[in-house]
Amino acid sequence: MPEFEPPAQIEPREYQTAAVEAWMANRGQGVLHMATGTGKTITALLAGVKLASIQDGELAIIVAAPYQHLVDQWVDELSAFGVQPIQAYQSRSTWTKDVVGQFSEFNFGARNIVAVVTTHATFTSDHFQQILDRLDCSKSMLIADEVHHLGAPHFREHLPDRIQARLGLSATPNRWYDDDGTEAIMEYFVNGVVYEFGLKEAIEEGYLSAYYY
């Protein structure tokens, strides 16, 4: 069975550890408002490792990102953490059977870790949601990259309630000129932003260079 753990070369930064602790303190729900370049992806996967550790090493991870190139980046990062995820986008015929099969293995204890990386559009589709119905969501986790995109009406209407562990990531979690969309995100990722590490802090603490952003 795959071991879900950070690679040896990763030493969590102090703010990343604080972000994970804040998310865990909010019962595994909330949005991390972190500046671009501060390692949101690594932080989210560290949160996943922490959650798996208190669930006897079991976790089904669903990562939803807005664009295909971000999906590919998540696949690389998950692979570095010892997990080979399924890429669920483009033609359904290329991934549906694998997702259904791994969900079934997870449900019956034959697999301790399962990971699926998909786009926001595929994640909120009826087809994917029907497959998600087959998963025992009691030990699952949703990681929503660039979570502000999910505030759009055609996305927010299809966010599944059955996944309880929810982690949203964004450098800009508030949607421009869309208070309803922002409110929907903050309600779904319960209590909204649970940790913030912005440009000012990142530059002052030496994690980002001081140049014009």
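Student: What makes residues of helix α8 count as buried, and which are they?
Tutor: Buried means under 20% relative accessible area, with exposed over 50% and partly exposed in between (1.4 Å probe, protein chains only). In helix α8 (residues 179-188), the buried residues are G181, T182, I185, M186 and Y188. The model is predicted, so local features need pLDDT of at least 70 and side-chain atom pairs pLDDT 80 or more, while totals for chains, interfaces and linings use all residues. Numbering runs from 1 along each chain as its sequence is written, and side-chain values use heavy atoms, without hydrogens and water.

Student: What covers the buried residues of α8?
Tutor: The cover includes β1 (29-34), β5 (140-144), α7 (153-156), β6 and β7 (193-197). Helices (H or I, at least four residues) and strands (E, at least two) are DSSP runs, numbered from the N terminus.

Student: Why is A165 called buried?
Tutor: A165 lies in strand β6 (residues 165-170). Its relative accessible area is 8%, so A165 is buried. Beyond its neighbours within four places in sequence, A165 contacts W23, G28, L51, S140, M141 and L142, where contact means heavy atoms within 4.5 Å.

Student: Why are α1 and α2 called oblique?
Tutor: Helix α1 (residues 14-25) and helix α2 (residues 40-53) pack at about 50°. Angles under 35 degrees count as roughly parallel, over 145 as roughly antiparallel, 65 to 115 as roughly perpendicular and the rest as oblique. The pair is therefore oblique.

How values were computed: Axes fitted to C-alpha atoms, helices over the stretch in contact; angles between N-to-C directions.
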